[in-house]
Amino acid sequence: VLVALTIWDDSPTRLTDLADAAERLLGERIDPTGWQLVSMQFLRRRTVRDPAGPWAVAIDCRARMLER
């Protein structure tokens, strides 16, 4: 399963801190009913800025899951 998370913020420094925290917690907080999280593999992280708006960071991970 591909897990994609996008976080938006006006401050690139605060956005970096939020993205770091999200990466640390991503594998720990996923507990879908009826499934077991086997592994969470980080794939990539991109930080971009919309010229007319806020900064964004996109975090992509691959989750391996087993049905209970």
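**View 1. Arginine 45, with 26% relative accessibility, counts as partly exposed (buried is under 20% relative accessible area, exposed over 50%, and partly exposed in between, with a 1.4 Å probe and protein chains only).** The model is predicted, so that local features need pLDDT of at least 70 and side-chain atom pairs count only at pLDDT 80 or more, whereas totals for chains, interfaces and linings use all residues. Residues are numbered from 1 along each chain as its sequence is written, and side-chain values use heavy atoms, with hydrogens and water left out. The partner of arginine 45 is aspartate 20, at 2.8 Å from N to O in a salt bridge (a side-chain nitrogen of Lys or Arg within 4 Å of a carboxyl oxygen of Asp or Glu). This pair links distant parts of the chain, 25 residues apart, with arginine 45 in strand E2 (residues 35–49) and aspartate 20 in helix H1 (residues 12–29); helices (H or I, at least four residues) and strands (E, at least two) are DSSP runs numbered from the N terminus. Aspartate 20 is also partly exposed, at 31%, and a salt-bridge network links Asp20, Glu23 and Arg45.

**View 2. Arginine 44 and aspartate 60 form a salt bridge, their closest N and O atoms being 2.8 Å apart.** Because arginine 44 lies in strand E2 and aspartate 60 in strand E3 (residues 55–67), the pair ties together parts that are 16 residues apart in sequence. Aspartate 60 is buried, its relative accessible area being 13%.

**View 3. Arginine 14 meets aspartate 9 in a salt bridge of 2.7 Å, N to O.** Here arginine 14 is partly exposed at 46% relative accessibility, whereas aspartate 9 is buried at 11%.
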